[in-house]
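Please take a moment with the sequence and the model shown below before reading on.

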2 protein chains.
Amino acid sequence: MPEERKTINDFKQLIHLLKERKICKRTVVVWPEESHTQEAVLKAVKEGFIKPILVCSKQTLEDYAKKNNFQTIIAESPEEAARKAVEVIRNGDADILMKGFLNTDVLLRAVLDKEVGIRPKDTVLTHITAAKLAEYPKLLFFTDAAVIPFPNETQRRAQIKYLVDFCHAFEIEYPKIALIHCSEKVDERHFPYTLSYKMIKAEAADGLFGKCIIDGPLDMITSCSLEALRIKQIESPINGQADALIFPDIEAGNLFYKTITLFCHAETAAILQGTMVPVVLPSRGDTIESKFYSLALASLVTR
Amino acid sequence: MPEERKTINDFKQLIHLLKERKICKRTVVVWPEESHTQEAVLKAVKEGFIKPILVCSKQTLEDYAKKNNFQTIIAESPEEAARKAVEVIRNGDADILMKGFLNTDVLLRAVLDKEVGIRPKDTVLTHITAAKLAEYPKLLFFTDAAVIPFPNETQRRAQIKYLVDFCHAFEIEYPKIALIHCSEKVDERHFPYTLSYKMIKAEAADGLFGKCIIDGPLDMITSCSLEALRIKQIESPINGQADALIFPDIEAGNLFYKTITLFCHAETAAILQGTMVPVVLPSRGDTIESKFYSLALASLVTR
């Protein structure tokens, strides 16, 4: 059954793909008590790719849910909303979890609860972002801007697997993944993870991560600029055209995320991986657009 | 003797200030065997703020130095050029050292040589960048994108002192310096330096760093966006208007430098501090403009 498959290079194409495939995911929204979350949800419903279940206050039921004919579960507090939303996921009644107007800690406590949470034992929890920069011709996926401070060997490999899966979902057949460092040299003494990069490269060549091309250490510029690669006379199978970036630690990942948001007008979407369903976990400063794109991202990658 | 003092907010204003003050610094250029270095030097000479001494090949003497009437010292190799240039500095015959077409390692070996180098004992060597971003109304100084992998307590305090001096040279009376981290919380367990940030803040309040305002941990956005600060309901004396950023480590500093260069068209200038004179240490990929601005930066801050 040959199907025309085209790489998704930006968020418009992503929305288009969701429509084309008639994807519509049940999305439980925890405590949507502010306008940005409400608008992002409404927009995603209008585009047709989510069907929301709001775990909200009576006020929000009256002011927002009723008029839009959204399904609701009433809660008295953010804590209760988090518990109830997680229960919906555990019962198999939703495909995506989205955070509204509550502290990340409160939601994560419910998500990670060992008895009644939704994190399968032994999975690695990590944060994945997709960004569209005006200066780059395609989406750039990266991890981790928000969850793992300093990835260990297991966590880094899990991050790579998630990225590979993401890229495949975006119809990138052989995603190019750059292992980021401040230079191209392996320096075991100062930066032990550069040695681990070298091992990961070898494992990728052996097919351990499936269809993908992994190279590193590479810096930000040699990962994403063919011209810079040539000037520096470096050979890399990524060819200055990375699809995805693995950052050495959370400081680097978080800084990249915030720098491109603040100074480059990047469009971003981000979700948490490693839970039973993707969790959309926006921060207070995120735009409606970013929350909307995150819902789209989650809709594509959830099972 | 009251003098009109105006803060320097971009590189044009910097060049203007150098002219106004009739600053002209003797600059020894090591192995200027390629066109970018040659053009940057020529441009700085035309603007009048440097007087070059080239340590170059006979070829460059014939092709470039003679026609521009530049002083030269002939060398047979990059290694010899580095040694001879450092000697010029040691003899007090130049105010700035600039790297041309040779490996950074080769130059640094001569600079850091314990017998005949130009690094005073016990000084901290660090790399300082000044960047102008279209999205930010003033220059943003930061450290360290290139030299210190993970600053220790002494090194971080030295970095701050350099930044304060830089900002003062740019006529910023009370520079606002942000200590960058991925969040605003002190987290001693995962990020010991956030505790050190807290101590540095207290020291700054006690006047240990002179006229300046230091706050942290702050993230990239709360350092540089008043709006984001308000949304997050965070109080900071920096008020989203940082003049300078201290990065936790070289990965973060280097990533910031490369991201703004690659994706934000940032104009940058950078020098090495901690040597007898500032060292302009461009990398191969840097533009002529960036090399020219680095010379201007060095001319302002050298004694």
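Which residues in α1(A) meet which residues in α11(A)? From α1(A) come A:Phe11, A:Leu14, A:Ile15, A:Leu17 and A:Leu18, and they meet A:Phe292, A:Tyr293, A:Ala296, A:Leu297, A:Ser299 and A:Leu300 of α11(A), where contact means heavy atoms within 4.5 Å. By class, the residues of this contact are 10 nonpolar, one polar and no charged; Ala, Val, Leu, Ile, Met, Phe, Trp, Tyr, Cys and Pro count as nonpolar, Asp, Glu, Lys and Arg as charged, and the others, Gly among them, as polar.

This is a predicted model, in which local features need pLDDT of at least 70 and side-chain atom pairs count only at pLDDT 80 or more, while totals for chains, interfaces and linings use all residues. Residues are numbered from 1 along each chain as its sequence is written, chains are lettered from A and ligands numbered from 1 in the order in which they are written, and side-chain values use heavy atoms, with hydrogens and water left out.

The two helices of that contact are α1, residues 11-20 of chain A, and α11, residues 288-301 of chain A, and their axes come within 10 Å and cross at roughly 50 degrees. That angle makes α1(A) oblique to α11(A), since angles under 35 degrees count as roughly parallel, over 145 as roughly antiparallel, 65 to 115 as roughly perpendicular and the rest as oblique. Here axes are lines fitted to C-alpha atoms, for helices over the stretch in contact, with angles running from 0 to 180 degrees between N-to-C directions, and helices (H or I, at least four residues) and strands (E, at least two) are DSSP runs, numbered from the N terminus. The crossing of α1(A) and α11(A) is left-handed, a term used if the near helix is turned anticlockwise from the far one by less than a right angle, with right-handed used if clockwise.

Next comes the division into domains. Chain A is assigned domain 1 (1-119 + 275-303) and domain 2 (128-272), with bounds that come from an automatic or database domain assignment. The C-alpha centres of the two domains of chain A lie 27 Å apart, and 23 residues of domain 1 are in contact with 17 residues of domain 2. Between them about 1800 Å² is buried, 64% of it given by carbon and sulfur atoms; buried area is the accessible area (1.4 Å probe) that two parts lose on being put together, summed over both. On the side of domain 1 of chain A, the residues that lose the most area to domain 2 are A:Asn9, A:Phe11 and A:Leu297, together 31% of what that side buries.

Within chain A, helix α6 (residues 153-169) and helix α7 (residues 192-205) pack at an angle of about 45 degrees, with their axes 11 Å apart, and are therefore oblique to each other. Their crossing is right-handed, and the contact of α6(A) with α7(A) has five nonpolar, one polar and four charged residues.

How many residues of chain A are in contact with chain B? There are 40 of them, in contact with 40 residues of chain B, and the two chains bury about 3400 Å² between them, 72% of it on carbon and sulfur atoms. In chain A, the residues that lose the most area to chain B are A:Glu251, A:Leu255 and A:Phe263, together 22% of what that side buries.

Helix α10 (residues 250-263) of chain A and helix α10 (residues 250-263) of chain B have axes that come within 10 Å and cross at roughly 30 degrees, and α10(A) and α10(B) are therefore roughly parallel to each other. Among the residues that meet are A:Leu255 and A:Phe263 in α10(A), and B:Leu255 and B:Phe263 in α10(B).

Finally, some backbone details. Most residues other than glycine have a negative phi, and most peptide bonds are trans. A cis peptide bond joins A:Thr143 and A:Asp144, with omega about 10 degrees, and A:Asp144 is found in the loop between β6 (140-143) and α6 of chain A.
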